[in-house]
Amino acid sequence: MIYYERTVTDQISNNIFQRKEIKIMALVTTKEMFKKAYDGGYAVGAFNVNNMEIVQGITEAAGELNSPVILQVSKGARAYANHTYLVKLVEAAVEENPQIPIALHLDHGDTFELCKSCIDGGFTSVMIDASSKSFEENIALTKQVVEYAHDHGVVVEAELGTLAGIEDEVVVEAGHEAYTRPEEVEEFVDRTGCDSLAIAIGTSHGAYKFTAAQCTRNADGILVPPPLRFDVLEECIKRLPGFPIVLHGSSSVPQEFVKMVNQYGGNMPDAVGIPEEQLRQAAKLAVCKINIDSDIRLAMTGNIRKYFAEHPDHFDPRQYLKPARQAVKDMVAHKILHVLGSDGKA
Ligand SMILES: [Zn+2]
């Protein structure tokens, strides 16, 4: 076990005291993070990781802003980068940023075996997403994962309701999405024992969250999506007081990066996301975890395209991955400061 020592400054009226605090340097679960976020009216960002540059960009931003952070791995990321490589990269980030709490979470686990493999392999949190199954099947599978996870000191996120969109292997066609039914949440949480709940209130996976037909257009011709269903969120909060809520598919698809992609040879017409003010509002309520992936992809891709266009003679991957990593860091810093409100909460 590796220990980390830091000096903590306390102020009691006009007197300033300094004390040494010894902490074990290790991944943490989201339990304490969520409690503090719920009480403090902010949310913790959950960012998807697939390679070294993404892990570094995210954790450097969180470290500098003293923010807790959740690094999450999807089934697709595990297939791409391999479980061991991802865990070791995240452990390196913990060692480099000992001053902030970092959790390692499985995003959209779809079977007990996948969740078990991540629990056995060092994750501190897993999601079991059985939201496409019946209510009873969702409860049975979630409960099975919760029992194994809690026996191993790991927390579980479950999901009720179905988001539209595409994320790795999770594909829900338009028209098959369904808002969470608030009348089901208490029974679901009671019977499964899950630690947090992802709900569907109109967020969506991917960079094309809404069709043009679902949106209006502003004066600049940019699509404006339908607002999130805060009535559904508030009804869930009323029925689950003090319980952490999770929002998936919460990228905002900033138009400056869509423009950058398109300007340098890309083709992403009508990409659209969730307005950041609405996510900020949700973070002030019971939403304790907000998942952001597409915005990081977009920032990296835009910057790499720009770099290639401006430096056609360069061929060293470090040359274009460096601005890509910086773009991840800038994006995460922006989210922490202006969407999540988690800066200074480590
Ligand atoms: Zn998701």
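Tutor: A crossover is right-handed if, with the strands pointing away from the viewer, the path from the first strand over the helix to the second runs clockwise. The model is predicted: local features need pLDDT of at least 70, side-chain atom pairs count only at pLDDT 80 or more, and totals for chains, interfaces and linings use all residues. Residues are numbered from 1 along each chain as its sequence is written.

The strand to look at is S3, residues 44-48. Helices (H or I, at least four residues) and strands (E, at least two) are DSSP runs, numbered from the N terminus. S3, helix H2 (residues 52-64) and S4 form a β-α-β unit, and this unit is right-handed.

S3 pairs with S4 (residues 69-74) in the parallel sense, over three bridges; strands count as paired if DSSP finds at least two bridges between them. In S15, Ile292 is the bridge partner of Phe47.

As for cover, five of the five residues of S3 are buried, that is, 20 or more other C-beta atoms lie within 10 Å of the residue's own, with C-beta atoms placed from the backbone (12 or fewer is exposed, in between partly exposed). In a regular strand the side chains alternate between the two faces of the sheet. In S3, one side carries Val44, Ala46 and Asn48, and the other carries Gly45 and Phe47. Both faces are covered.
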